[in-house]
Structure formats: C-alpha cells, structure tokens
Amino acid sequence: MKTLIRTPGLILRILISVLLIVIFLTPFYWMILTAFKTLGEVLAMPPKFWVQSLQWQNFKDAFTRIDFLHYTRNSLIITLGTLIGQVLVVVPAAYAFARYDFKGKNWLFGTVLATMMIPGQLIFLPIFVMFAKSGLLNTYVSLIVPFIASGTAIFMLRQTFMQVPDSQLEAARLDNAGEFKIIYTIMMPAAIPTLSTLALLTFIGTWNSYFFPLVWTTTDAVRTLPLGIQRLQDIEGLSPQIVMAGNMMLIVPILIVFVVARKQIIKAFTYMGVK
C-alpha cells in the first residue's frame, strides 16, 4: 500500500528529472550536431537531427582561422593564475574567520559577504580607470588580481573549516605545529571536497569569462579563448558549423576537469547538505 501511494510521486519526479535533462542537454546536442554538419545541412529546412557524415574539417578550420594557440595559452595562464592566487589568499582568510577571534571580525566577514551581492558590471569602470592609470591594461595581472579574493570561496571554506574538531588543532599545537603547518596538513586535507568544488567553479568562471577580458583589454595580447571564438564568429558569420566546432574545443577542458573532480564535488555537496 505504501509503495502504491509513493508511485505517483516517484513517477512525477522521474518525469521532471527527464524533462530537466532534456532541457539542459538539448543545446549541447545541437552544438555538437552543428559542429559536424556541412553548411548545407545546417541551413536545411526542416532541420535535420543527425549528420550524413562527420565533418572534421570544421575543427581544422576553426583552429586555423584564428590564432587558437595564442588565445588558449592566455586562458590557461589567467585561469591557473587565478586558481593559485585564490589558494594563497582565500585559504588563510577562511582559516582566520573560522578559527580566530579578533576585533572587527564580524564586521570584516560581513563586508566579505556583501561583496557577493555586488555585480562585477557595476565596478568594472573604476577598476578599468585604476588599471589604466597604473599601466596594467593589457596585462595578465589585470585579469587575475581582481578575482583572487573571492567572497563566495571564503564563505564556503570557512564553513568547512569550522567543522574540523578543536581537539585536532590543539593536538597539533602541542606538537609545536605552526599555523601554516596546521592549515596545510589538517585543514586543507579535511576540505578537499570543498576545495575541489571551488576549484571547478573558479575554473569554469574564469575559462568562460567573456565580459571582463573584453572590457579590461584593448588589444589581443592577453585576450582569452571566448574572445577568440567571438572573433571566429565575426570572420565566419555565415559558417555556423565552424563557430560551433570552435565552441566545442572551448568546452573540452571544462568537461575534462569536471570528469576528474566529479566525485569530490558530489562529496562536497553531500557533506554540506548533511551539515
């Protein structure tokens, strides 16, 4: 009887899950499909939901029509620079907010939380002027430094650090362990799922960033791959299959990172949900 009562609800959840999967995957399927089509198949009416033969030439064209390696190198430098900078800044800041009592702590933490509510589009102009006056436009610094101190990362990591038992820290201090040793031998291993999640979110946000690399640069010197794909669209306006091939190459690193870190990400959300 209990099973029968639950059946309509279970069926409804399955239908909603299937609907959400279809909604989320359809754009990706269409992008992949377009990337392997010929121009005639792309423009055909009614649209075709399959390809006659895979057009690998589209990827070769996307790679050669723009300086793909230059844009990819810039994306890698800026993404890795942001990740390393966040580890150096966010981890000690989250540890201090989680484990220390000092004057103005609540006010400072409230300020960190407030930064999460301010859209970057509101402050890009003053930052642009500051970079222009300091001669940092068209440098990697201008695209890395503003994103190192992430309020979201500090908040999430602080919540994780607060779950570590005090007894572990007291035992480490009795063994004359310094604060940095405690951070890197006790706190960070305990927060690996959260760190993995934050790393993936930062990687996706930085790798896909379009607005800030566009408004904080005036040349292609340090512009990233999303701007390169936009340049490809300007060149190949009537060849959407080549643009979609470029977009596929843009998202491949994100998919690889997600596959590598997916177990830690699921563990982090499960852990935070239980707590």
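How much space lies in the largest pocket? About 900 Å³ of space lies there. A pocket, on a 1 Å grid over the protein atoms alone, is an open set of points where a 1.4 Å probe fits, with protein on both sides within 12 Å along at least five of seven lines. Its volume is the space filled by probe spheres set on the points, which are joined across faces, edges and corners.

Before we go further, a word on the model. It is a predicted one, where local features need pLDDT of at least 70 and side-chain atom pairs count only at pLDDT 80 or more, while totals for chains, interfaces and linings use all residues. Residues are numbered from 1 along each chain as its sequence is written, and side-chain values use heavy atoms, with hydrogens and water left out.

Back to the largest pocket. Its lining holds 32 residues, and the closest to the centre are Pro146, Phe147, Ala149, Ser150 and Gly151; a lining residue has an atom within 4 Å of a point. Two or more lining residues come from each of α4 (68-99), α5 (105-115), α6 (120-134), α8 (151-161), α11 (192-207) and α12 (211-215). Helices here are DSSP runs of H or I with at least four residues, numbered from the N terminus. Sorted by class, the lining has 20 nonpolar, 12 polar and no charged residues. In this sorting, Ala, Val, Leu, Ile, Met, Phe, Trp, Tyr, Cys and Pro count as nonpolar, Asp, Glu, Lys and Arg as charged, and the others, Gly among them, as polar.

Now look at the second largest pocket, with a volume of about 150 Å³. Leu25, Phe28, Tyr29, Met31, Ile32, Met248, Ile251, Val252 and Leu255 line this pocket. The elements giving two or more residues to the lining are α1 (2-35) and α14 (240-274), and the largest share, five residues, comes from α1. By class, the lining has nine nonpolar, no polar and no charged residues.

Let us turn to how the helices pack, starting with α4. The axes of α4 and α8 are 8 Å apart, and the two helices pack at an angle of about 50°. Axes are lines fitted to C-alpha atoms, for helices over the stretch in contact, and angles run from 0 to 180 degrees between N-to-C directions. The angle makes α4 oblique to α8, since angles under 35 degrees count as roughly parallel, over 145 as roughly antiparallel, 65 to 115 as roughly perpendicular and the rest as oblique. The crossing of α4 and α8 is right-handed, meaning that the near helix is turned clockwise from the far one by less than a right angle. On the α4 side, the contact (heavy atoms within 4.5 Å) includes Gln86, Val90 and Val91, and on the α8 side it includes Ala153, Ile154 and Leu157.

Helix α4 also meets α11: their axes come within 10 Å and cross at roughly 145°, again in a right-handed crossing. Among the residues making this contact are Thr72, Ser75 and Gln86 of α4 and Leu195, Phe203 and Trp207 of α11. The contact of α4 with α11 has eight nonpolar, seven polar and no charged residues.

A further pair is α9 (residues 166-174) and α10 (residues 179-190), which pack at an angle of about 135° with their axes 11 Å apart. Helices α9 and α10 are therefore oblique to each other. Gln168, Leu169, Ala172 and Arg173 of α9 touch Glu179, Ile182, Ile186 and Met187 of α10.

Finally, visit two loops. Most residues other than glycine have a negative phi, and most peptide bonds are trans. A cis peptide bond, with omega about 0°, joins methionine 45 and proline 46, and proline 46 lies in the loop between α2 (39-43) and α3 (57-65). Asparagine 138 is not a glycine, yet has a positive phi of about 60°; asparagine 138 sits in the loop between α6 and α7 (140-144).
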